[in-house]
Amino acid sequence: MFRSACPSCGAEVLFRSTISAVAICEYCQSTVLRSADEVKDFGKIGKVLEDYSPIQIGTSGVFAGRAFTVLGRIQLRYEAGLWNEWYVSFDDGQQGWLADTSGQFMFTLPLSETTAATSSPAFDAFTPEMRYEHGGRVYVVTDVRTAQCIGGQGELPFALGQGYEAKVVDCRSADRFLTVDFSDVTLFKPNPTLYIGEAVELKNLQLQLLRDAETILASAGRLKGTGAVLDCPSCGSPLKYQAGVATQIVCKACASVVDCSGDKALVLEKHTAAAQYHATLDVGDSAAIDGVNWKIIGLIEMEETNDADSSWTEYLLYNAQQGFFWLVESNDGWYQVEVLNRLPDSWTNESAVLDGVRYRRPFELYSAKVTYAAGAFNWRVSVGDQVSCAEYEHNGERLCKEKSQTEVIWSKSKRIPNQLVEQWFGKGKIITPISNSGVDSASNRHLSMLFIVGLLVLNIPLAFAGSNLIGSLFWTGLAVWLIRLPLKSGEDEE
Ligand SMILES: [Zn+2]
Ligand SMILES: [Zn+2]
């Protein structure tokens with residue numbers, strides 16, 4: 001442990017690890033650089049937005065048989081959302097990053113310079129589903145993103161200023177991850193840095209010193225004092241949201257998209273009237289699932305771009321301890337969807353193989369778009385957002401591949417009985433079986449969770465440049481569950 005006085009404000013700054021190059025003063029946000037015996041002020045960095053994450057500085061755990069402690073954190077923002085990169089130090093002196101995005105977690109470790117030095121296409125040449133070879137293994141690109149560092153906390157292995165930009169490509173091969181990080185590419189270092197990662201579940205990391213639910217809910221992001229209700233800056237209607245969880249709120253009354261991740265609520269997109277909403281459940285509804293209480297914090301209605309009769313609703317549920325969960329309501333019933341934390345073994349346009357099971361495509365490829373959104377999300381969702389989808393089926397279970405310009409996401413859906421959903425929400429009368437018609441209309445077939453999932457899972461690898469740092473990847477994280485409910489469009493409205 002090394003203690004020093006902050007060169008800017010005089011407060012005590014702690015360096016718990018000898019491998020940390022900088023520590024951020026918790027009083028004035030100065031980045032204090034530790035070099036040799038002297039301490040320098042490297043400039044200020046933004047304060048992190050306290051969010052839903054149960055992790056905090058000081059949290060310890062075990063990954064791959066090695067004990068680690070969380071020393072610091074960086075928060076990044078890309079066009080659609082925000083995520084945390086927790087800097088960890090292993091007891092053997094190695095460092096790593098635990099990415100934390102929308103309740104999904106990914107550990108990444110830097111590859112040594114020699115292993116990482118390979119020639120690579122330029123960042124701009126990468127697109128989702130492109131093949132990328134490394135170490136004799138073929139990876140598939142799942143995410144291509146540019147992100148900015150908006151805040152920092154604790155110790156870090158390198159100094160990075162406000163506005164630091166990360167340019168990363170995430171690739172996967174079955175359950176393995178590879179991040180190709182272009183953030184530190186220069187004339188003198190033309191090749192990107194590589195990081196190897198793996199999706200993890202917090203419950204398997206033997207974590208200690210996590211924040212509890214009360215603490216998470218009590219730390220309301222930057223808009224402190226506003227409680228969980230904020231007046232829409234566009235129309236004045238009250239916006240209810242889960243403090244610390246939501247960074248974007250879509251006003252139910254006027255459909256304006258409001259950003260609440262900064263010091264004040266900002267209107268990102270102004271609208272004057274919300275579209276018609278047909279879903280059975282609503283933002284604020286609670287469900288008791290296996291003894292755990294979940295609350296719907298946001299909902300999105302989607303429709304096929306070439307068939308307005310084919311529509312469905314996706315609900316985002318949240319529990320402080322468990323994270324996020326999706327329910328999907330479509331014309332033929334309710335579905336629970338798991339966002340896969342690995343790629344299928346293989347796939348073509350006609351079929352896909354996962355865990356040795358071959359799924360076949362039951363209908364044509366299609367595109368879907370968001371027609372309505374309301375509630376709180378931790379990424380930006382807008383009416384008109386679009387993804388292209390391919391679904392594959394086997395014995396009633398479906399695999400769905402959703403692709404946007406920057407990422408590709410795979411999910412697995414399972415139909416669940418209407419009675420179960422009625423039980424969860426205590427709304428039996430509202431949720432009626434719809435698809436007794438037996439007609440496999442265009443509207444009842446889609447299980448994809450659409451881009452939503454995509455965004456939720458954000459495959460964002462991030463990488464950081466700098467000394468020996470890392471990037472991290474993300475998309476795989478733990479599985480987020482989506483459930484889709486089928487509903488009969490037009491008939492089951494509230
Ligand atoms: Zn200071
Ligand atoms: Zn409004």
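**An enclosed strand and its neighbours**

1. Five of the six residues of strand β14 (residues 176-181) are buried, so the strand is largely enclosed by the rest of the structure. Buried here means under 20% relative accessible area, exposed over 50%, and partly exposed in between (1.4 Å probe, protein chains only). Strands (E, at least two residues) are DSSP runs, numbered from the N terminus, as are helices (H or I, at least four).

2. A note on conventions: this is a predicted model, where local features need pLDDT of at least 70, side-chain atom pairs count only at pLDDT 80 or more, and totals for chains, interfaces and linings use all residues. Residues are numbered from 1 along each chain as its sequence is written, chains are lettered from A and ligands numbered from 1 in the order in which they are written, and side-chain values use heavy atoms, leaving out hydrogens and water.

3. On one side, β14 pairs with strand β13 (residues 165-173) in the antiparallel sense over six bridges; pairing requires that DSSP finds at least two bridges between two strands. Cys171 has Leu178 of β14 as its bridge partner. Two residues separate β13 and β14 in this hairpin, and Ala174 in the turn has a positive phi of about 50°.

4. β14 also pairs with strand β15 (residues 193-200), again antiparallel, over five bridges. Here Leu178 stands opposite Ile196.

5. Searching the whole structure gives zero disulfides, a disulfide being a pair of cysteine sulfur atoms within 2.5 Å. Cys149 is buried, at 2% relative accessible area, while Cys9 is partly exposed, at 39%.
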